[in-house]
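Please look over the sequence and the model first, then read the points below by topic.

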Amino acid sequence: MENLENKSFKDFENIPGLGPDERACEWAAYVDNWQSRGHWNYRQESFSGCGPVAELRIAGNPHQQFVSLVSNDYLGFTQHPKVKAAAIAAIEQYGTGAGASPAIGGHYHFHREIEESIAAFFKRESAIVYTTGYTANSAMLQCLLKKEDLAILDMAVHASVQEGCILTNIKTFPHNNLEALERILRISQDQYRTRMVIIDGVYSQDGDLAPLYQIVALCKLYGAYIVVDDAHGTGVIGETGRGVIELYDLFQEIDIITGTFSKSFAHVGGYVVAKPGVVEYLKFHSRQHIFSATLPPAAACISTAIRLVDDEPEWQHKLWANIRYFKNGLLELGLDTGNTASAIIPVKTGDPQLAAEATKLLLEAGVYANQIGYPAVSKKDARVRMSLMATHTQEHLDQVLNAWQWVDGKLKVSQLKPIAYGYKEEAT
Ligand code: PMP
């Protein structure tokens, strides 16, 4: 393959005429090419837990401790003593594995507790738990939407939503574009059995918010279901951390709320909050739920993490103090952070090579951040993506801002023209 530095992951998904071994060979050449320029920082092996500092051992790099901006553990609860104690106590009580799928022996008391806690968190009656946030979306949508139906997706929804829609018809609208959404709702009237609009609350790459109030109004007007995945807003957005839904007080208006336990709730797993009848239906008809083992006992710590959002709101407040301080610092350096309104803060470079070079230099300065390119965002919308935590200190953030000043001196990222925001192919 020519020009390996201009290729993206997508180019290797399916190469005409090449079987798995040959495609793997092409892929290896691509990785070698990126590695030869020091631009490959994926799957960095970390020797420390989730937190504001990561211990990495990178050949030739002077640092072992890096300020880490790669975790979605926004409230820092993976290291909270009460959350850890709950996981340890559950392992002591139940052992390490769940042993079966929920219908045939793998449904435990702590699963019911998690389901009740997350439903109550969103002021609703019922929820079902899945083994990941990805599965919650893909399983629920595959179960509810078939060939007679239509999924209407914001272009920037998460990859798990795209996968959930493989059994149904799909129409997409440009990111947060209400006119385009309304047009689809209007022209698709009476053509499908069920129409479902599926959006994120906070978008995973730009950290911007959905105009939820208007989208819900359009769904009501045109008789479509509304599904909101607020994986990145939960714990972060809203007076009490209930996400974008809380901002507009739409708890009872959203048909289906989905999300993950792997971010603010400090563990792993996903959930679907919906009407009791729909939840009961999902329990016996979503294949990924009935044919797969349930979350292990350590997941009992999720209920503790959910309680802590209310019991210790200081973590959310500290997170917001960090967000304000850090974003202002980046803007003062003249860097382009797009439309973020959450703990996800991108610095746009508009060019994948530049994002990779900036990430490499940041590592040299002791800062660990992610480069993001196509297909997670469009090629012209490449960026360095950073996530903040409540447990970052001001010293950590100052170290990152100093690092960016140094990187900018070399790469002149601040002198790039701002790009048009919003359009992404496949979010990760
Ligand atoms: N939805 C969104 C918006 C996400 O960003 C992610 C993960 N990055 C998921 C769902 C999947 O969650 P999980 O990692 O728990 O599978």
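Lys147, Glu148, Asp149 and Arg193 are joined in a network of salt bridges. The model is a predicted one, and it holds 14 salt bridges.

**Salt bridges of Asp206**

- Asp206 forms a salt bridge with Lys348, with 3.0 Å from N to O.
- This pair links distant parts of the chain, since Asp206 lies in the loop between β6 (195–200) and α7 (212–222), while Lys348 belongs to strand β10 (residues 344–348). The two residues are 142 residues apart.
- Both Asp206 and Lys348 are buried.
- Asp206 also has a salt bridge with Arg383, where the closest N and O atoms are 2.9 Å apart.
- Asp206 counts as buried because its relative accessibility is 2%, and buried means under 20%.
- Arg383 counts as buried because its relative accessibility is 0%.

**Salt bridge between Lys82 and Glu312**

- The side chains of Lys82 and Glu312 form a salt bridge, at 3.5 Å from N to O.
- Lys82 sits in helix α2 (residues 81–94), and Glu312 sits in the loop between α11 (301–311) and α12 (314–332). The pair links distant parts of the chain, 230 residues apart.
- Glu312 has a relative accessibility of 14% and therefore counts as buried.
- As background to these pairs, side chains of opposite charge can pair when their charged atoms come close.

**Around the ligand**

- There are 15 residues around the ligand, and those that come nearest are Tyr134, Asp229, His232, Thr260 and Ser262.
- By class, the shell around the ligand consists of ten polar, three charged and two nonpolar residues.
- Helix α4 (residues 133–144) gives the most to this shell, contributing three residues.
- A polar backbone atom of Tyr134 is 2.9 Å from an oxygen atom of the ligand.
- A nitrogen atom of the ligand lies 2.6 Å from a polar side-chain atom of Asp229.
- In the side chain of His232, an N or O atom is 2.6 Å from an oxygen atom of the ligand.
- On its own the ligand has 390 Å² of accessible area, and the protein covers 85% of that area.

- Tyr213, Leu247 and Tyr248 make a nonpolar surface patch of about 300 Å².
- Leu247 is located in helix α8 (residues 244–247).
- Leu247 counts as partly exposed because its relative accessibility is 45%, and partly exposed covers values between the 20% limit for buried and the 50% limit for exposed.

- Asn61 is found in the loop between β1 (53–55) and β2 (65–68).
- With a relative accessible area of 15%, Asn61 is buried.
- A polar atom of the Asn61 side chain lies 2.9 Å from the backbone nitrogen of His63.

Definitions and conventions. Residues are numbered from 1 along each chain as its sequence is written. This is a predicted model: local features need pLDDT of at least 70, side-chain atom pairs count only at pLDDT 80 or more; totals for chains, interfaces and linings use all residues. Side-chain values use heavy atoms; hydrogens and water are left out. A residue is near a molecule or strand if one of its heavy atoms lies within 4 Å of it. A polar contact is a pair of N or O atoms within 3.5 Å; within protein, one must be able to donate a hydrogen and the other to accept it, and residues adjacent in sequence count only if both atoms are side-chain atoms. Accessible areas come from the Shrake-Rupley method with a 1.4 Å probe; for residues, only the protein chains shown count as cover. Helices (H or I, at least four residues) and strands (E, at least two) are DSSP runs, numbered from the N terminus. Ala, Val, Leu, Ile, Met, Phe, Trp, Tyr, Cys and Pro count as nonpolar, Asp, Glu, Lys and Arg as charged, and the others, Gly among them, as polar. Patches are made of residues with over 30% relative accessible area and no salt bridge: like charges are joined within 9 Å, nonpolar side chains (Val, Leu, Ile, Met, Phe, Trp, Tyr) within 5 Å. A salt bridge is a side-chain nitrogen of Lys or Arg within 4 Å of a carboxyl oxygen of Asp or Glu. Buried means under 20% relative accessible area, exposed over 50%, partly exposed in between (1.4 Å probe, protein chains only).
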